[in-house]
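This briefing covers one structure, grouped by topic. Read it alongside the coordinates.

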Amino acid sequence: MSNKSSTGKVLSFSGHEYLRQRLILATLSGKIVKIIKIRSENDNPGLRDFEASFLRLLEKVTNGSTIDINYAGTTILYKPGVITGGKIYHDCGTSRAIGYFLEPLIVLAPFGKQPFDLTFNGITNDNVDTSMDSIRTVTLLQLRRFGIEEGLELKITKRGSAPLGGGEINFKCPIVRTLKPIQFTDEGRIKRIRGIACCTRVSPQNANRLVDSARSVLNRYIPDVYIYTDVYKGEESGKSPGFALSLVAESTTGALYSAEQAALPGETPEDIGSKTAKLLLNELSKGGCVDSLNQWLTLLLMVLGPEDVSKIRVGKLTAFTIQYLRDLRDFFAVTFKIKSDSTNNTLLMACVGVGYVNYSKKTN
Amino acid sequence: AKKMFFSNRRINIMQLIYSNEKTPEEIASGKFSDLLKVEAASNEKDNVEEEENDEEFFKIIKSQDKDSESMNTIDSTKTYLDISNLDKWDDEVMLESIRNRFITGSLEDDSSV
């Protein structure tokens, strides 16, 4: 499965932060990983329920993985197996949104034995994890650039707001043999803004108010702002009332920038609308060809690409991405060449891929 | 001098990320446009650490338990976005400053985009 045989060396990390990415990178690289000191100094030590749930999910999508957890749950030893895929159902619970589980799996999906067909239950929109709308309209489109196109889809069959959830999504991803390298350094200019305002178990009028307030901020720049209202009724609207807005700006060269907010108790649609619009402006001011939410994904796919140079322009790196770069170096021994472009405060990042090949997919 | 400053800076970003003990949060919050300051700050930090490393047998664990589940330690891509200083986007000058990121902006001063 993996293009590198395991060297028998165990990679060791400590802390519960960045748990998902380390497990995913271990799965892709075939390296054994040991994570220690998971909240060992906390009053309530060990893994949380959502982390345990993620480990169970990882076991479902792979074959032959072994996960050893010590009694207190503060140490994990993970020996990755092969990525299988297929039809999988998982209840994500309500402590974290579906985004927590789906986001990392997106990178495993193209390299499975069979195409992924995942059905997840849980919270679709919240303020902690990437919402399903952003994943559908931005994250999945990043894959397209690397040659993963046909059959890639995410359907939100039911929406679920925090705290009780009750949403349901279906994710399908085709498998590929290899990825394409990318050269994406022209960020272009923003030509249109799209968005989705959704609400569950509240008056549909809230969605319209979200749209109006977001438009009032964004219309000064560009007339092409269209925000869809997505109102789910009855069974399809989950168990909790709530509303959320997700915005996407697209540039002339196809660069996508996203921003999103979900309402907390007591917030008005106007608050959320203008807050999301400002977040989008913030994102745009950073520049680059990929937004902060998807930096890690693009960089990882560049590393997994063929043995050729891939290049991308990014805005300000987030803390998450910086740690990701360090982990990528640990797992794949790839370091990026990073050059800062002083004309617009962006960074040019280049790397040579490891030439990852999915041998389960026949060449055609 | 300007050239030297920038050539210096290039090395620094890679150094910051790949051969530095600092946490990603510190690097991300330190502005890239002012790396000298970041470096100075890191030196300061080293000094502080040395002072703390007095020969004590028991280490006192910093009381981080209460808010250890605060936004920074949650494993999520989204919480690393800075949503605290959105008020700056109420300012007209700030709003105009990204005008050129849109196709409606003027094409002349492309360099400022």
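Two strands count as paired if DSSP finds at least two bridges between them. In this predicted model, strand β14 (residues 242-251) of chain A pairs with β15(A) in the antiparallel sense over seven bridges.

**Confidence**
- Chain A has a mean pLDDT of 91, and 98% of its residues reach 70 or more.
- Over residues 1-7 of chain A, pLDDT stays under 50, and the model has 21 contacts beyond four places in sequence for this stretch.
- Where pLDDT is low, the predicted coordinates should not be read in detail.

**Hairpin of β14(A) and β15(A)**
- Four residues lie between the strands of this hairpin, and Gly254(A) takes a positive phi near 90° there.
- Leu245(A) has Gln261(A), in β15(A), as its bridge partner.
- Strand β15 of chain A spans residues 256-262 and is mostly covered, with seven of its seven residues buried.
- From β15(A), Leu256(A), Ser258(A), Glu260(A) and Ala262(A) point one way, while Tyr257(A), Ala259(A) and Gln261(A) point the other way; all are buried.

**Nonpolar core**
- The largest nonpolar core has 122 residues, and Leu102(A), Phe171(A), Phe332(A) and Phe336(A) have the most contacts inside it.
- This core lies between domain 1 (1-80) and domain 2 (187-285) of chain A, because both domains give residues to it.
- Not counting residues up to four places away in sequence, Phe336(A) touches residues of chain A, including Leu299(A), Met302(A), Leu325(A) and Met349(A), and also Met14(B) and Tyr18(B).

**Pro80(A)**
- Pro80(A) sits in the loop between β5 (76-79) and β6 (82-83) of chain A.
- Its relative accessibility is 18%, and the cut-off for buried is under 20%, so Pro80(A) counts as buried.
- Beyond four places in sequence, Pro80(A) touches Ala26(A), Thr27(A), Gly30(A), Lys31(A), Ile32(A) and Ser65(A).
- Val33(A) is 47 residues from Pro80(A) along the chain, and their C-alpha atoms are separated by 8.4 Å.

**Interface of chains A and B**
- The contact takes 67 residues from chain A and 54 residues from chain B.
- About 5,400 Å² is buried between chain B and chain A, 55% of it on carbon and sulfur atoms.
- Of the area that chain B buries against chain A, 16% is supplied by Tyr18(B), Asp75(B) and Arg101(B), more than by any other three residues.
- Tyr18(B) is also one of the residues that Phe336(A) touches.

Conventions: Residues are numbered from 1 along each chain as its sequence is written. Chains are lettered from A and ligands numbered from 1 in the order in which they are written. This is a predicted model: local features need pLDDT of at least 70, side-chain atom pairs count only at pLDDT 80 or more; totals for chains, interfaces and linings use all residues. Side-chain values use heavy atoms; hydrogens and water are left out. A nonpolar core is a set of buried Ala, Val, Leu, Ile, Met, Phe, Trp, Tyr and Cys residues joined through side-chain atoms within 4.5 Å. Buried means under 20% relative accessible area, exposed over 50%, partly exposed in between (1.4 Å probe, protein chains only). Domain bounds come from an automatic or database domain assignment. Contact means heavy atoms within 4.5 Å. Helices (H or I, at least four residues) and strands (E, at least two) are DSSP runs, numbered from the N terminus. pLDDT is the predictor's confidence in each residue, from 0 to 100. Buried area is the accessible area (1.4 Å probe) that two parts lose on being put together, summed over both.
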